[in-house]
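Dear colleague,

My notes on what was found in it follow directly after.

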Amino acid sequence: KNSIKAMEKELVTCSLQGKEKASLKRSQIFQIPGGKDSETKVIVVLGKAGMGKSILVQKICQDWSNGEFSQFEFVFWFDCKQISLPEKRYSLKDLLLEFFVKPQEGSKEIFEYILQNPTKVLLLFDGFEGLHDHENFPRCSASQPEKDLCSIKELLSGLIQKKVLNGCTLLLTARPKDKVYQYVSKVDKTIEIVGFSPQQRELYITKYFKGLPYCDNALKLITECEYLFSHCYSPLMCRFVCFLCETLLEMGDKSLPSTLTTVFLKFVQQKIVPMKTDVTAMKNQESLATLARIAWYLGEKHQSAMKSNLLPSKEVKEFALKHGFFLPFAFPRHSDSEEEEFGSTFSDFVIQNFLAALHLMLAEEIKDKSLIKYLSFPSKKKKPYNWLDLVPRFLAGLLFLQDDPCFCSLSNKDVKQSTKKQKTLLKYIRRLQINELCPERLLDLLHCIYETQNSYLLQHVALRLKPDLSFLSIVLTPPDVHVLHYILKRSRKEFSLDLRNSSIDMQGLKDLVGLKNVASFRASLGDTVRLWKSLEQTKDYELLRASTEKFVLDPFKAKTMKDISDLSDLVEMQEKMINCVQDASGCSSYEIPAIKNLRKLEFALGPVCGLQGFRKLVEILAAFPSLQHLDLDALSENGIGDEGAKSLSEVFPTLTSLETLNLSQNKITDVGAEKLATALPSLSSLKTLSLYNNNICDFGAENLAKVLPVMPSLRVLDVQYNKITGVGAQQLTDSLRKCPHIKNLVMWNPTIPYGVLEHLQQLDSRISV
């Protein structure tokens, strides 16, 4: 269990560090460099609900049928929620040739061919989260899973473990929060779908309303409602918003709802209420309440599908199918004599979330106090109460919409009961230690409070946010940024934001940075430079200057070539800034504070790119006038060698503030040590120099010994774990007598005889081993 946790943490950390947005063509999805053809390849496509994972899978099937992906002779596509019902059992043959496609003849021969040619098979499992409940994902125990009946989980386990059809290609789609890596030990490729950019949102909306008389009005209406427009980054939500906008425009309305709850309230009302008699309305209310209860109980089991015969009544089934809440599907038959069975699944995840929240509002058995466990914001270690993670947002919104005509039309419940539930929520939020919430829970809370649109709650939360808000490596979607901006704006405090590795888009970064009470921020350097270049192009010099004043870079750790390129772009930006400021204020000099105030720079590119990246870094080091600590010691060893040491020594005269220089574990020999020694006296502020674990011998030690007396600021020198012998050690000790300013010389080397080192230590107590 611990190894699974460690592996998961490692995978998550790696994926966040190296994550870069890039457009990927569908033809590149199955390209895995260095993959062995004989082994099963696992590709995971991540994306939040409604991001278009299912559409992508369908498009792959369509492309294949049109002659693309010719490496595959067979493509099988499964919707996990349809095949995941616990009592259903399949053999691999059933799954492929009964469930997916039923050949009219030759099933046996086709299946034998598939078993003999697994590399020509692509299996697509859409909605992996529909397959596993809380913890249970069993290993495949069947002796012949190709022919024996097993649960779908066991069968998929066998495929992943390469016990079944080894050599095939598996593509799984899942939500980012689902712990795919807990069940899949080896993933060959991970792709994440991030949704629409603002331009793509506008394009989708324009195409949706193309040819309609109010096309321009619709686009204007949606883009002006910033919160709903932010949700349109999700293709599914974009479709909902467009549908609602179309309905409202046809009715002559000129405004859109301001929250997600009101959007879905109107959406459901439009589906079931118009032009109905009182009797029909009451029947619809009852059917909706039943459907809401089903949504909640399936959600508790991590499911969204069920057998149709388990629905309480024919009326509920017809109601759900008629209004598009459910979609039907058929189960495979093991023989022609079997009766055909049907299942029903919620048409999408968000609808199930909304209906589940509606159930918590309408159910009389759920009292006001017990409601809090469904709304609670637990610590990071605890799991949310229910798989349906949008329920708390919808529930909070519904609690403050009980007088809304839309809500009243869906329910004939007692408003007093709802008022009690509302007061319970208010009391709970008042007691909540908001400043102790982890970033994920804080965002959940902000969304819930936003949905209430309650002035007291919004103000209460805004005033209790801690001044230092870190969203380091937490993905911030456009709606996350919108609610954060909306609530920060209401606070009188000054805030410091850490937005590094948050995948925040440029508009979101611009909005947050532009807030007057955001005093400082950290963001990924590439994102920040892109924002500044955009502001420069649009001549928004006021925000450009304000955002450069707020940006914090110190300390900076370079781990990739891109980090070095971004740092170079930042220095280049300073040149442009001088011109911008000159145009705006007539002042001829300007230093970006982040450049001026950078005090610690760590370099950890590793052996492959170490020297190449370091050469590029050296070119810009002079631009950082306050640099005090340059650390080139990395666990993976940068290996800049003598060439790197030489290029660094050439810029020493410009590093007037440098106090600590760590060149440990960099494969520097006597040649590099000589170059460094010649230039070291020009580092007028240097206090600590570490050359630990390099390849320096006596000649290098001699050169270092010569310059120590002319380095009055130096306090600590570390040359341990090199190849210095007793001769070099003696020279360093002799030099030390002329250096009263030096407090510590760390000199243990395996090549210095212990007796010699002990003797030297007795001569000078500043020598430590």
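A residue is called buried when its relative accessible area is under 20%, exposed when that area is over 50%, and partly exposed in between, with a 1.4 Å probe and protein chains only. By that definition Trp748, at 29% relative accessibility, counts as partly exposed, and Tyr721, at 40%, also counts as partly exposed.

Please keep in mind that this is a predicted model, in which local features need pLDDT of at least 70 and side-chain atom pairs count only at pLDDT 80 or more, while totals for chains, interfaces and linings use all residues. Residues are numbered from 1 along each chain as its sequence is written, and side-chain values use heavy atoms, with hydrogens and water left out.

On the aromatic side, a search of the whole structure finds 24 aromatic pairs, where rings of Phe, Tyr and Trp (its six-membered ring) pair if their centres lie within 6.5 Å, and planes under 30 degrees apart count as stacked, over 60 as edge-to-face and the rest as tilted. Phe521 and Phe551 form a tilted pair, with 5.4 Å from centre to centre and 50 degrees between the planes. Phe521 lies in strand S13 (residues 518–522) and Phe551 in the loop between helix H25 (541–550) and strand S14 (556–558), so this pair ties together parts that are 30 residues apart in sequence; helices (H or I, at least four residues) and strands (E, at least two) are DSSP runs, numbered from the N terminus. Both Phe521 and Phe551 are buried.

The rings of Tyr721 and Trp748 have centres 5.1 Å apart and planes at 55 degrees, so they too are tilted. Tyr721 is in the loop between strand S19 (716–718) and helix H32 (726–736), and Trp748 in the loop between strand S20 (744–746) and helix H33 (754–763), so that distant parts of the chain, 27 residues apart, are linked.

Ring pairs also join Phe240, Phe243, Phe264, Phe267, Phe354 and Phe394 into a cluster.

Turning to charges over rings (NZ of Lys or CZ of Arg within 6 Å of the ring centre and within 35 degrees of the ring normal), Arg175 lies over the face of Phe349, at 3.7 Å from the ring centre, and the charged end of Arg201 sits over the ring of Phe229, 4.9 Å from its centre.

Finally, nine of the nine residues of helix H6 (residues 152–160) are buried, so H6 is largely enclosed by the rest of the structure. H6 is followed by Lys162, whose phi is positive, near 65 degrees.

With best wishes
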